[in-house]
Amino acid sequence: MHGFSQTSEGNTTDMRTYARSVFDEEVELLRTLAQIPAPSSKEEQRAAFVSAWLREAGATRVEIDEAKNVLCWVNESPDAGVEVFSAHTDVVFDDLTPLPLREEDGYLCAPGVGDDTANLTGLLMGTRWLLAHPELTRDRSILVVANSCEEGLGNLRGTRALYDRYGDRIKSHVIFDTTLGNVVREAVGSVRWCVSCDGPGGHSFKAFGTQNAIVELSRLICALDRMKLPTGAVTTYNVGTISGGTTVNSIAAHAEMLFELRSTSDECLQSARRTFEETVRTCQSKGIRFTTEVVGERPASASIANPALDTLVDKACAATAAATGSWEINITPSSTDANIPLSRGIAAVCLGAVRGTGAHTRGERIETSSLEDGLVAILSMLAP
């Protein structure tokens with residue numbers, strides 16, 4: 001394996017050399033990982049594979065915790081704050097059998113191949129590079145995490161568990177997610193509800209005129225669509241799913257929807273939350289009962305100055321530029337595993353290490369050649 005010299009230009013050259021030397025192996029690793037099913041909360045197969053791969057790569061301190069996170073200590077120095085590097089194992093698809101993979105015209109295509117399997121693959125290759133060069137980790141505490149439950153209603157459970165265990169020791173956190181050219185330094189917080197509507201129901205002809213749960217829930221949706229949002233920060237809402245009723249000739253006795261609010265400001269998020277709750281109350285009527293259950297909650301960034309965060313973001317931008325040859329970098333807010341450390345005032349950044357399209361669709365694909373650039377970006381972040 002290749003090391004690297006101490007000059008910035010030399011570093012990048014040697015990282016590029018390493019990335020090229022392991023390219024075929026990285027592609028093969030991605031082919032394997034991309035086919036292993038990993039719905040949120042059911043990541044056991046991927047976690048077992050990643051754990052075994054890391055041990056074969058030379059890691060001696062690897063475990064799978066109760067949250068199904070794979071934790072790999074590359075080095076632990078008693079006087080150094082912990083540097084966490086992570087990528088998530090879960091995908092948005094419920095498949096429990098091998099995911100379909102195909103290759104065409106320079107692309108790898110599979111559900112979840114880019115979000116976040118390709119980034120995880122790059123992190124694994126970068127971890128092996130670190131393990132082979134202990135001089136890069138001397139006097140550092142480095143914890144590599146393949147975490148669970150980032151997607152959807154996984155509610156960041158893997159990263160929450162990590163911070164419950166090590167939060168008082170972590171000084172920085174780098175997340176590999178999204179695509180090359182994107183850097184996330186601001187967390188978009190969210191609250192998600194299951195909203196249910198229950199009414200008397202009845203026969204569509206004989207009980208005509210009885211309140212219909214689907215209609216009443218639709219009235220609530222229209223009222224929510226008119227609610228005034230706070231203007232202090234970008235704040236949004238969405239009705240994600242709606243379901244209910246039994247047959248075409250029955251007045252629906254039950255209907256429900258998934259509803260979410262998002263904002264980059266916790267203050268605005270809580271203001272919108274109060275408006276949502278008041279809107280639900282005002283739509284209650286005789287014979288109809290609305291109930292709400294919070295099914296997901298993600299914190300926004302803490303509103304405090306953080307020079308360490310600025311330094312980490314600068315490093316992420318430089319790493320991206322070194323990998324791509326371009327300083328046209330999109331610094332954007334998003335909802336990622338970085339929400340947890342950013343809400344606690346810990347320096348955290350999320351950056352992408354692959355080019356691709358179709359995230360969260362079964363037609364997702366990544367540009368296979370971009371794995372080389374992505375690995376250079378990852379190595380630049382792992383390096384001291």
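Glu-104 is partly exposed, with a relative accessible area of 32%, where buried means under 20% relative accessible area, exposed means over 50%, and partly exposed is in between, for a 1.4 Å probe and protein chains only. Its side chain meets that of Arg-102 in a salt bridge, at 3.4 Å from N to O, and Arg-102 is also partly exposed, at 41%. By salt bridge I mean a side-chain nitrogen of Lys or Arg within 4 Å of a carboxyl oxygen of Asp or Glu.

Before I go on, please keep in mind that this is a predicted model, in which local features need pLDDT of at least 70 and side-chain atom pairs count only at pLDDT 80 or more, while totals for chains, interfaces and linings use all residues. Residues are numbered from 1 along each chain as its sequence is written, and side-chain values use heavy atoms, with hydrogens and water left out.

Let me stay with the charged pairs for a moment. Side chains of opposite charge can pair when their charged atoms come close. How many salt bridges does a search of the whole structure find? The search finds 23, and I will pick out a few of them. Arg-165 forms a salt bridge with Glu-63, and here the closest N and O atoms are 2.9 Å apart. Arg-165 lies in helix H5, residues 157-166, and Glu-63 lies in strand S1, so this pair ties together parts that are 102 residues apart in sequence. When I name helices and strands, I mean DSSP runs numbered from the N terminus, with helices being H or I runs of at least four residues and strands being E runs of at least two. Both partners are partly exposed, Arg-165 with a relative accessible area of 41% and Glu-63 with 31%.

Asp-164 is exposed, at 63%, whereas Arg-344 counts as partly exposed, at 43%. There is also a network of salt bridges, which links Arg-16, Arg-20, Arg-355, Glu-372 and Asp-373.

Cys-222 counts as partly exposed, at 42% relative accessibility, while Cys-268 is buried, at 8%.

Next, please look at helix H3, residues 44-56. H3 has 13 residues and reaches 18 Å from its first C-alpha to its last, close to the 18 Å expected at 1.5 Å a residue, where the expected span is 1.5 Å times one less than the number of residues. Which residues of H3 are buried? They are Arg-46, Ala-47, Val-50, Ser-51, Trp-53 and Leu-54. Seen down the axis of H3, these buried residues fall within an arc of 165°, so they line one face of the helix; the arc is that of the directions from the helix axis to the C-beta atoms. An α-helix has 3.6 residues a turn, so residues three or four places apart point the same way. The buried residues of H3 pack against helix H2 (23-34), strand S1 (62-64), strand S2 (70-75), helix H4 (113-132) and strand S6 (141-147). After H3 comes Gly-58, whose phi is positive, near 115°.

I will finish with some backbone details. Most residues other than glycine have a negative phi, and most peptide bonds are trans. The peptide bond from Asp-115 to Asp-116 is cis, with omega near 15°, and Asp-116 lies in helix H4. Cys-149, in the loop between S6 and H5, has a positive phi, near 55°, and is buried, at 4%.

Note on methods:
Contact means heavy atoms within 4.5 Å.
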